[in-house]
There are 2 protein chains.
Amino acid sequence: MNIISECGCFGGRQITFEHDSAATGTPMRVAVFLPPAAATLAPGERLPGLVFLSGLTCTEDNVTIKSGVQRYAAEAGLVFIAPDTSPRGEGVADDERYDLGQGAGFYVDATQAPWAPHFQMETYITRDLIAVVRENLPVDTNRLGVSGHSMGGHGALTLALRHPGLFKSLSAFAPIAAPMQVDWGQTCFGAYLGDDQSRWAEHDASVLYRSQTFPGPVLVDQGEDDPWQESGLRTEALEQAFAGSGQQGEIRRHAGYDHSYFFVGSFFDDHIRHHARELARL
Amino acid sequence: MNIISECGCFGGRQITFEHDSAATGTPMRVAVFLPPAAATLAPGERLPGLVFLSGLTCTEDNVTIKSGVQRYAAEAGLVFIAPDTSPRGEGVADDERYDLGQGAGFYVDATQAPWAPHFQMETYITRDLIAVVRENLPVDTNRLGVSGHSMGGHGALTLALRHPGLFKSLSAFAPIAAPMQVDWGQTCFGAYLGDDQSRWAEHDASVLYRSQTFPGPVLVDQGEDDPWQESGLRTEALEQAFAGSGQQGEIRRHAGYDHSYFFVGSFFDDHIRHHARELARL
């Protein structure tokens, strides 16, 4: 774990580090906020953590710089962990589209050329990221939650179901809820997973939650002025899936809010409290 | 007042607008946060406001996107007003240095070529900005505070003294406290104001506060890990000036904090409370 930058923030420390991932075969960057409580732990004591998956075009920086989440994580005593959204670098495949390739890993393990060698984001998040956190930070990885925004909301909802028990609390901001129904998802799933749509369905929240549930309440927020709501997100498909399986939780719609970090920041306090409450039950 | 963008934020509205300034002879951009209280005002009722002056290289966007200030302004019922840091555009003079020209107006009225035609930021802030706010927003311009970061901290400290009664409350984050003593200030003051250093002294907080005081407590925050502290800011010169004149207020030093918006965001709650308290006394 190679520290790139570190500074004070809300009484804690904001740190960006880089580490080698066997899954992606590249160095990966991660931004971590250590709350003030991390400075006064007893020997062996660890804090709960929240993995936050970001959206298309983002790096580890966007949520770290734009959301103001550190204040809430400081109050809750939660370690906030924001990984990058894809492998990057000169030897890594890319595309001119902003919504395919670098910055658009979609939290799946690619099986198709030219993506398969490095685009292994599901294994990266669920194995390598958690390992580097456990080994280098005062985080109890048995008390980890997951959240995300847009493409990262898709990642949070699907990884939480696909890896039972790994994440103990779950929320999402404006998730790409039905990737198979929208251009973003069709493009990336086709490129990364191939033509067989039965493989796509394994990564589509609106399909998975029809027949499966997360063992705890799921908090989802969606802005009513979000320009991607119909063309890219399909919140109503997630509502139908939750209703079908009886998933516990709440999908809240907010008049006047769009897809930006002004929306995410406005409701982050609620999400951090949700995760802190659920993780405190363990 | 031409609205560029608008969205929901912490129950209020985040708005960016453009307006023509007679002082700069250019369109100027301003970001404004209207707290939730702005939506339920009685006829003729207006809210207090805070003008925030940003630092070198910034536009109206930086503090708006990176500081998380909206939460505190929402709680306090304060309108938060963030203007750009200089005139801009193809017909406006500029320089290859990041700390001279566009993005570096230094809140003075330039008297020298090629800057004088557009670089009239003191008159822009103290006359044109306040006029457009009064005419278009529910702000009581008799209850205005001023704050700023770095170059904008210099702007807040000097404009508050140079225009008595205009701003009723004052604070600064890591201000360029003694511009005559550091490279940034010498470069810009020389370019904008000419070689006569007696003109520079009229815009140097560490000179002005030796013999004058602001009629209220001044809150200043400074990070101890700020890499510019010695080479570009000179906090101790402001401390000496405050001590010399008996200026009321507090210059707080914070171990572990740098010059970034992680520092600014960490202490914005205190600044907003300071301004709200002082403006409520009027």
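**Ground rules**

I am working from a predicted model, where local features need pLDDT of at least 70 and side-chain atom pairs count only at pLDDT 80 or more, while totals for chains, interfaces and linings use all residues. Residues are numbered from 1 along each chain as its sequence is written, chains are lettered from A and ligands numbered from 1 in the order in which they are written, and side-chain values use heavy atoms, with hydrogens and water left out.

**Chain A as a whole**

I counted ten helices and nine strands in chain A; helices (H or I, at least four residues) and strands (E, at least two) are DSSP runs, numbered from the N terminus. Its radius of gyration is 17 Å, close to the 19 Å from the globule rule for 282 residues, so chain A is as compact as a globular protein of that length. For my own reference, that radius is taken over C-alpha atoms, and the rule is 2.2 Å times the number of residues to the power 0.38. The C-alpha trace of chain A spans about 50 × 45 × 35 Å along its principal axes.

I find that 62% of the 282 residues in chain A are buried, meaning under 20% relative accessible area, with exposed being over 50% and partly exposed in between (1.4 Å probe, protein chains only). I also looked at contacts (heavy atoms within 4.5 Å). Of those in chain A with a separation of 6 or more, 72% are between residues 24 or more positions apart.

**Helix H10 of chain A**

A:Ser260 caps its N-terminal end, with a side-chain oxygen 3.1 Å from the backbone nitrogen of A:Phe262.

**A serine and a histidine**

I went to A:Ser171 next, in strand S7 (residues 169-173) of chain A. A:Ser171 is buried, at 0% relative accessible area. Which side chains does A:Ser171 reach by polar contact? I found A:Ser147 at 2.9 Å and A:His275 at 2.8 Å. A polar contact is a pair of N or O atoms within 3.5 Å; within protein, one must be able to donate a hydrogen and the other to accept it, and residues adjacent in sequence count only if both atoms are side-chain atoms.

In chain B I started from the histidine. B:His275 is in helix H10 (residues 261-280) of chain B and is buried, at 0% relative accessible area. Its side chain makes polar contacts with those of B:Ser169 at 2.7 Å and B:Ser171 at 2.8 Å.

**The nonpolar core**

I looked up the largest nonpolar core, which has 186 residues; A:Tyr192, A:Tyr209, B:Tyr192 and B:Tyr209 touch the most other members. Such a core is a set of buried Ala, Val, Leu, Ile, Met, Phe, Trp, Tyr and Cys residues joined through side-chain atoms within 4.5 Å. Leaving aside neighbours within four places in sequence, B:Tyr192 has contacts that include B:Phe106, B:Trp115 and B:Phe119.

- A cis peptide bond joins A:Ala113 and A:Pro114, with omega about 0°; A:Pro114 is in the loop between strand S5 (79-83) and helix H3 (121-136) of chain A.
- A cis bond also joins B:Ala113 and B:Pro114, omega about 0°.
- B:Thr57 has a positive phi near 75° and is partly exposed at 48% relative accessible area.
- B:Ala174 has a positive phi of about 40° and is buried, at 0% relative accessibility.
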